[in-house]
Amino acid sequence: MKRTRVLYLEVADKIKEDIFSGKYPVGSMLPTESELEELFQVSKITVRKAIELLASDEYVEKKSGRGTTVLSNRLYNRLSKAASFTQILKNSQYEVQKETLVLQLVHIKKEDPLFSFFGEQAVCFKRLYYLNNQPYIYFVHYLPQEMMQFSREEFDKESLYRLLTKKGYTIDSFSDDFSAVFLTEEEQEILKTDTQIGIKRIRQSSTQMGKMIEYSEAIYHTELHPYHIDYET
């Protein structure tokens with residue numbers, strides 16, 4: 001029984017990765033159950049359990065006699081019904097641009113809280129988002145050192161979470177903490193503002209096994225635009 005559960009989770013994760021990568025675009029049909037059995041060399045019940053899991057997470061919809069349709073390729077489909085804030089901005093009248101500021105491997109001291117997550121080294125990835133050509137969000141991400149195998153061009157082009165997926169990391173849970181903070185001189189300079197207070201979001205993302213794969217801090221210049229969340233019902 002334990003092995004069956006592991007198998008259907010593995011199959012579901014692989015299909016989900018293929019959805020994220022674009023192999024199965026939104027609106028397309030997944031292979032038939034028989035084709036998936038052959039592809040993964042598993043039983044029919046394992047395939048059905050995997051499809052049921054994806055359907056419960058609203059990635060796919062299965063209809064009797066019509067097959068399984070891909071409904072969504074959002075990375076946080078199961079975890080949150082909230083739309084990505086950056087996606088909200090992109091769908092608005094605002095022009096959104098992004099710039100990579102730093103991409104490097106950094107050494108972490110043992111007394112640093114990040115040491116317990118990543119060990120002695122981690123990738124530090126700093127990015128700046130612009131809203132109508134004005135600096136708006138300053139991101140600092142810490143990631144597993146294996147992510148350094150991606151080039152700066154790939155970080156510029158791809159979503160961070162899609163790169164994590166390509167590397168085999170599947171985010172199972174994440175937490176966001178928000179607080180009002182006084183901006184440092186460096187943050188004011190990067191955001192090109194004299195404003196002293198901004199909103200900081202700290203995100204921690206983990207795998208199903210509890211391994212931390214992202215720690216990030218984001219500073220929002222909320223005088224330029226308030227932080228906004230859209231929830232589906």
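Me: Which residues gather in a patch of negative charge on the surface, and which helix gives the largest share of the negative patch?
Reply: In this predicted model, the surface carries a patch of negative charge in which E99, E153, E154 and D156 gather. D156 lies in helix 6, and the largest share of the patch, 3 residues, comes from that element, namely helix 6 (residues 152-157).

Me: Does D156 count as buried, partly exposed or exposed?
Reply: Buried means under 20% relative accessible area and exposed means over 50%, with partly exposed in between. The relative accessibility of D156 is 36%, so this residue counts as partly exposed.

Me: What is the nearest side chain of opposite charge to E214, and how far away is it?
Reply: E214 has its place in strand 8 (residues 212-220), where it is buried yet has no salt bridge. A salt bridge requires a side-chain nitrogen of Lys or Arg within 4 Å of a carboxyl oxygen of Asp or Glu. For E214, the nearest side chain of opposite charge is that of R201, at 4.9 Å.

Me: How many residues apart are K62 and E33, which form a salt bridge?
Reply: The closest N and O atoms of K62 and E33 are 2.5 Å apart, and the two residues form a salt bridge. This pair links distant parts of the chain, with K62 in strand 1 (residues 60-63) and E33 in helix 2 (residues 33-40), and their separation is 29 residues.

Me: Is E33 buried or partly exposed, and which residues are linked with it in a network of salt bridges?
Reply: E33 has a relative accessible area of 18% and is therefore buried, whereas K62, with 45%, is partly exposed. The residues linked with E33 in a network of salt bridges are R48 and K62.

Me: Which elements hold K200 and E217, and what is the N to O distance in their salt bridge?
Reply: K200 lies in strand 7 (residues 197-206) and E217 in strand 8, so the pair ties together parts that are 17 residues apart in sequence. K200 is buried, with a relative accessible area of 18%, while E217 is partly exposed, with 26%. The side chains meet in a salt bridge whose N to O distance is 3.4 Å.

Me: What is the count of salt bridges?
Reply: Side chains of opposite charge can pair when their charged atoms come close. One of the salt bridges is that between the side chains of E37 and K44, with an N to O distance of 2.9 Å, and K44 counts as partly exposed at 34% relative accessibility. The count comes to 7.

Me: Where does Q41 lie, and what is the phi of K192?
Reply: Most residues other than glycine have a negative phi. Q41 has a positive phi of about 55° although it is not a glycine, and it lies in the loop between helix 2 and helix 3 (44-56). K192 lies in the loop between helix 8 (185-191) and strand 7, and it counts as exposed at 66% relative accessibility. Although K192 is not a glycine either, its phi is positive, at about 50°.

Methods: Residues are numbered from 1 along each chain as its sequence is written. This is a predicted model: local features need pLDDT of at least 70, side-chain atom pairs count only at pLDDT 80 or more; totals for chains, interfaces and linings use all residues. Side-chain values use heavy atoms; hydrogens and water are left out. Patches are made of residues with over 30% relative accessible area and no salt bridge: like charges are joined within 9 Å, nonpolar side chains (Val, Leu, Ile, Met, Phe, Trp, Tyr) within 5 Å. Accessible areas come from the Shrake-Rupley method with a 1.4 Å probe; for residues, only the protein chains shown count as cover. Lys and Arg count as positive and Asp and Glu as negative; His and the chain ends are not counted. The place of a charge is taken as NZ of Lys, CZ of Arg, CG of Asp or CD of Glu. Helices (H or I, at least four residues) and strands (E, at least two) are DSSP runs, numbered from the N terminus. Buried means under 20% relative accessible area, exposed over 50%, partly exposed in between (1.4 Å probe, protein chains only).
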